[in-house]
Amino acid sequence: MDERRSPSPCSSRPSSPRTPPSEMFGPVGIEAVLDQLRIKAMKTGFEFNIMVVGQSGLGKSTMVNTLFKSKVWQSTEPNLDVPMPQTLELHSVTHVIEEKGLKLKLTVTDTPGFGDQINNDKCWDPILSYINQQYEQYLQEELLITRQRHIPDTRVHCCVYFVPPTGHCLRPLDIEFLRRLCRTVNVVPVIARADSLTIEERDAFRSRIQQNLKTHCIDVYPQKCFDEDVNDRLLNSKIREQIPFAVVGADREHIVNGRCVLGRKTKWGIIEAPISRT
């Protein structure tokens, strides 16, 4: 016998399925989460660890100071009496930058000695070892049963790689290092001292570098995995078109049209910074 069961009253659906429950019974205060996160962020601040890599004389210290508009890193003047270090050394400095009540704990790691030797074979090993060591240290802290309330984050969040403005293409040293580095950390390549190139030279240099990155499968930031929706995909596509960024750093202020700007003065005029020559 075919028995037909009547639907249970408890399993019946609302008459208007398009109406969310929150609208039926009033707001539940979900929007307050954003305010709570904002208040917490204002109290605790953020941590950002950046590494700058490139041979000497490319203006790494000046660019970092320009980017954050403060004396984050003190550059050292070349001294002929002091011998050049035979091995790569890593130096880190930490500053707390506050803007409109929001604190940023900034750590900058420099790599003096990279690419300065005659034989640069495996000169990237200390850098990769340092990055992996910070990841391992943070992971071990997270795996502890009794963890600290706030685990110090020493992981390298971004590595800015300074490409010499040769106007040709990436050097073998650049290619070998970037191939290994992009597997470990977010890499942002930049053309150092871009004001030494004309607009035509800059565009041609950028195109050749983009082709080098594609040929050698060097996946720099932003990676394809960040294209989660249409808006992110469009934004990241515009960013990829400008990679490597052509940057100009400056540490002196000048008066331009009655206003004080940070820039570099040349006999042709003043280059305002920080800018990316796109």
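## Exercises on a predicted model

Val28, Ile30, Val33, Leu34 and Leu37 together make a nonpolar patch on the surface, with about 520 Å² of accessible area in total. The model is predicted. Work through the exercises with the structure open.

### Exercise 1: A patch residue

Task: Find Ile30 and decide whether Ile30 is buried or exposed.

Solution: 
- Step 1. Locate the residue. Ile30 sits in the loop between helix 1 (21-25) and helix 2 (32-44).
- Step 2. Read the relative accessible area. For Ile30 the value is 60%.
- Step 3. Apply the cut-off. Exposed means over 50%. Ile30 is therefore exposed.
- Step 4. Ile30 belongs to the nonpolar surface patch, along with Val28, Val33, Leu34 and Leu37.

### Exercise 2: The whole chain

Solution: 

### Exercise 3: A valine in a strand

Task: Decide whether Val160 is buried or exposed, and list which residues Val160 touches beyond four places in sequence.

Solution: 
- Step 1. Locate the residue. Val160 lies in strand 4 (residues 158-163).
- Step 2. Check accessibility. Buried means under 20%. Val160 has 13% relative accessibility, so Val160 counts as buried.
- Step 3. List the contacts. Val160 touches Ile50, Met51, Val52, Val53, Val188 and Val190.
- Step 4. Compare sequence with space for one pair. Val160 and Met51 are 109 residues apart in sequence, and their C-alpha atoms are 6.2 Å apart.

### Exercise 4: Salt bridges

Task: State how many salt bridges a search of the whole structure finds, then examine those of Asp203 with Arg202 and Arg206.

Solution: 
- Step 1. The search finds 7 salt bridges.
- Step 2. Start with Arg202. Its side chain meets that of Asp203 at 2.8 Å, N to O.
- Step 3. Go on to Arg206. The side chains of Asp203 and Arg206 form a salt bridge at 3.9 Å, N to O. Both residues lie in helix 6 (residues 199-215), 3 residues apart, which is about one turn of the helix.
- Step 4. Check the cover. Asp203 is partly exposed at 32%. Arg202 counts as buried at 5%, and Arg206 counts as buried at 6%.
- Step 5. Arg155 and Asp153 meet in a salt bridge of 2.9 Å, N to O. Arg155 is partly exposed at 24%, while Asp153 is buried at 12%.
- Step 6. Salt bridges link Glu176, Arg179 and Arg180.

### Exercise 5: An aspartate in a loop

Task: Find Asp227 and name the residue whose side chain is joined to that of Asp227 by a polar contact of 3.2 Å.

Solution: 
- Step 1. Locate the residue. Asp227 is in the loop between helix 6 and helix 7 (230-241).
- Step 2. Check accessibility. At 16%, Asp227 counts as buried.
- Step 3. Find the partner. The 3.2 Å polar contact joins the side chains of Asp227 and Arg240.
- Step 4. List the contacts beyond four places in sequence. Asp227 is in contact with Asp232, Arg233, Asn236 and Arg240.

Methods. Residues numbered from 1 in each chain as written. Predicted model: local features only at pLDDT ≥ 70, side-chain atom pairs only at ≥ 80, totals over all residues. Heavy atoms only, no water. Patch = residues over 30% accessible without salt bridge, like charges linked within 9 Å, V, L, I, M, F, W, Y side chains within 5 Å. Areas by Shrake-Rupley, 256 points an atom, 1.4 Å probe, with all protein chains shown as cover. Salt bridge = Lys/Arg side-chain N within 4 Å of Asp/Glu carboxyl O. Helix = DSSP H or I, 4+ residues; strand = E, 2+ residues; numbered from the N terminus. Buried < 20%, exposed > 50% of the residue type's maximum accessible area, 1.4 Å probe, protein only. Contact = heavy atoms within 4.5 Å. Polar contact = N/O pair within 3.5 Å; in protein donor to acceptor, adjacent residues only side chain to side chain.
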